Amino acid sequence: MEVVIVADAKAGGELIAETMAQLLRRKPDALLGVATGSTPLPIYQALAAKVRNGAVDVSRARIAQLDEYVGLPADHPESYHSVLRREVLEPLGIGMDAFLGPDGAAEDVQGACEAYDRELAEAGGVDLQLLGIGTDGHIGFNEPCSSLVSRTRIKTLTEQTRADNARFFDGDVDQVPHHVITQGIGTILEARHLVLLATGENKADAIAATVEGPVAAVCPASALQLHPHATVVVDEAAASKLKFADYFRRTYASKPEWQGL
Ligand code: GLP
């Protein structure tokens, strides 16, 4: 995997948005897998700025959801369906007809998960999947000890993740659902390019385990080591526990520009 250490979240957002723009110039109808959480917001802001100034055309782009809470209606303000509409689709001017996501309110949850995996495959697969990382090393909502070959399915959140996400529910952990639908790790690994952004010191342990630890279900993000094209973009704080940080810095500094991420 390639590790790129950037100065701050804004620089990471700009770098990744430019990578998405390059992809869209090559493939205007690319299927972009997007993540929620605070970390990717600078990416969406930078991409929206490129759309506004005409640097990229997203009129044929398609957007795919990574995960969803179970039991929240789609129009609940904190369903990931609503969050992505607000933070990604509306600012980019992409209509909901170009949006793929699992039905978190379905009665047949397993059926909804299987249907979503089929929908992704029928859409030609995800071209670029953005990922954040949980403080416990989760990607999507694949909590520690998730199967590394898992498909989209229902999962139970750890108390750590529920506490981390309580800030989106008036700080009240009791409002955070226990169950979620998430693309499985096997599903995520099918995307053509994985790009994980992590910022802040509270992600440093998870990033060290992801990049330099063994491939192990206890750190789901370590599955990125199995992908032929995985890019991990981190700020100095999130990189602070990487033993190979200097090597990663030197490698990126001497990388030919034409290679992109
Ligand atoms: C949630 C999402 C993840 C995200 C994680 C980290 O659990 N399901 O996709 O990566 O939060 O969020 P943040 O970027 O806000 O730290």
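At what angle do helix α2 and helix α3 pack, and how far apart are their axes? Before I answer, please keep in mind that this is a predicted model, in which local features need pLDDT of at least 70 and side-chain atom pairs count only at pLDDT 80 or more, while totals for chains, interfaces and linings use all residues. Residues are numbered from 1 along each chain as its sequence is written, and side-chain values use heavy atoms, with hydrogens and water left out.

Now to the helices: α2 (residues 41-52) and α3 (residues 80-92) pack at about 10°, with their axes 9 Å apart, where axes are lines fitted to C-alpha atoms over the stretch in contact and angles run from 0 to 180 degrees between N-to-C directions. Helices here are DSSP runs of H or I with at least four residues, strands are runs of E with at least two, and both are numbered from the N terminus. The angle makes α2 roughly parallel to α3, a label given to angles under 35 degrees. On the α2 side, Leu-41, Tyr-44, Leu-47, Ala-48 and Val-51 meet Glu-87, Val-88, Pro-91 and Leu-92 of α3, contact meaning heavy atoms within 4.5 Å. By class, this contact has eight nonpolar residues, one charged residue and no polar ones.

Next, the aromatic rings. The whole structure holds seven aromatic pairs, with ring centres within 6.5 Å, and planes under 30 degrees apart counted as stacked, over 60 as edge-to-face and the rest as tilted. One of them, Tyr-69 with Phe-169, is edge-to-face, at 5.6 Å centre to centre and 85° between the planes. This pair joins strand β4 (residues 67-69) to the loop between α5 (159-165) and β8 (179-182), with the partners 100 residues apart. Tyr-69 and Phe-169 are both buried, that is, under 20% relative accessible area, whereas exposed is over 50% and partly exposed lies in between, with a 1.4 Å probe and protein chains only. Ring pairs also link these two with Tyr-80 and Phe-141 into a cluster.

Finally, the cores, which are sets of buried Ala, Val, Leu, Ile, Met, Phe, Trp, Tyr and Cys residues joined through side-chain atoms within 4.5 Å. The largest has 66 residues, of which Leu-130, Leu-196, Ile-207 and Val-234 touch the most other members. Its largest share, seven residues, comes from helix α1 (residues 9-26).

Note on methods:
Phe/Tyr/Trp six-rings, centres within 6.5 Å; stacked < 30°, edge-to-face > 60°. Parallel < 35°, antiparallel > 145°, perpendicular 65-115°, else oblique. Nonpolar A, V, L, I, M, F, W, Y, C, P; charged D, E, K, R; others polar.
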